[in-house]
Amino acid sequence: MKTLFKALLIFGFVLVGVATLLGWGAVHLLGDVPGVHLTIDGDDVVWTSLGLADAFGAGLGLIIAIGVMCLVVPLLLLLGLGLPLLIIGALVLAGLAALVGVGAIVGSPLILIGMVVWLLVRDKPRKAPMAPPAAPVGPAASHVSNGPRAPTEPTLHA
């Protein structure tokens, strides 16, 4: 899964870069086409004739707008949607806990009687009988062999 997320992250960055280049190219190519004008406050903006101060201001405005979109929009979604859902979930859980508590108090005599009946009626597990221990292997059994012994095996010969 890690490689999938890395691939998706790289793919997302590539898409952002391609979209940025396409947007920049569209603005510069369409700025030279007659009949296409970008008008701000009644003045035509020609991208090819922007001065250094105008380009700096436009770039700074874009950086601020991107920062606001990356910071304010997620916080707005988190606090605007996530917080109310979290509060509603907490209230539902508190209501369920209250119902369970009231049910335990109201039903406690029945629960106690039911537990006593269950303890009396249930099948008690029987203990398995213990198997007798295996007979120890004596020295007589060690002399019986099916073939030659390994040289490292100790022998009981005198």
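The chain exposes about 14400 Å², of which carbon and sulfur atoms supply 78% (areas by the Shrake-Rupley method with a 1.4 Å probe).

This is a predicted model, in which local features need pLDDT of at least 70 and side-chain atom pairs pLDDT 80 or more, whereas totals for chains, interfaces and linings use all residues. Residues are numbered from 1 along each chain as its sequence is written, and side-chain values use heavy atoms, without hydrogens or water.

Next, colour by pLDDT, the predictor's confidence in each residue from 0 to 100. The chain averages 81, and 82% of the residues score at least 70. Confidence is lowest in helix α4 (residues 139-142), with a mean of 54, and highest in helix α2 (residues 52-106), at 91. Where pLDDT is low, the predicted coordinates should not be read in detail.

Display the cartoon: the elements run α-β-β-α-α-α from the N terminus (DSSP runs, H or I of at least four residues for helices and E of at least two for strands).

Select α2. Its end C-alpha atoms are 79 Å apart, which agrees with the 81 Å that its 55 residues should span at 1.5 Å a residue (1.5 Å times one less than the number of residues). Centre on Gly82, where α2 has a kink of about 30° shortly before Pro84 (the angle between axes fitted to the seven residues ending there and the seven starting there).

Move to α3, where the count of buried residues among 14 is 0.

Notes
Buried < 20%, exposed > 50% of the residue type's maximum accessible area, 1.4 Å probe, protein only.
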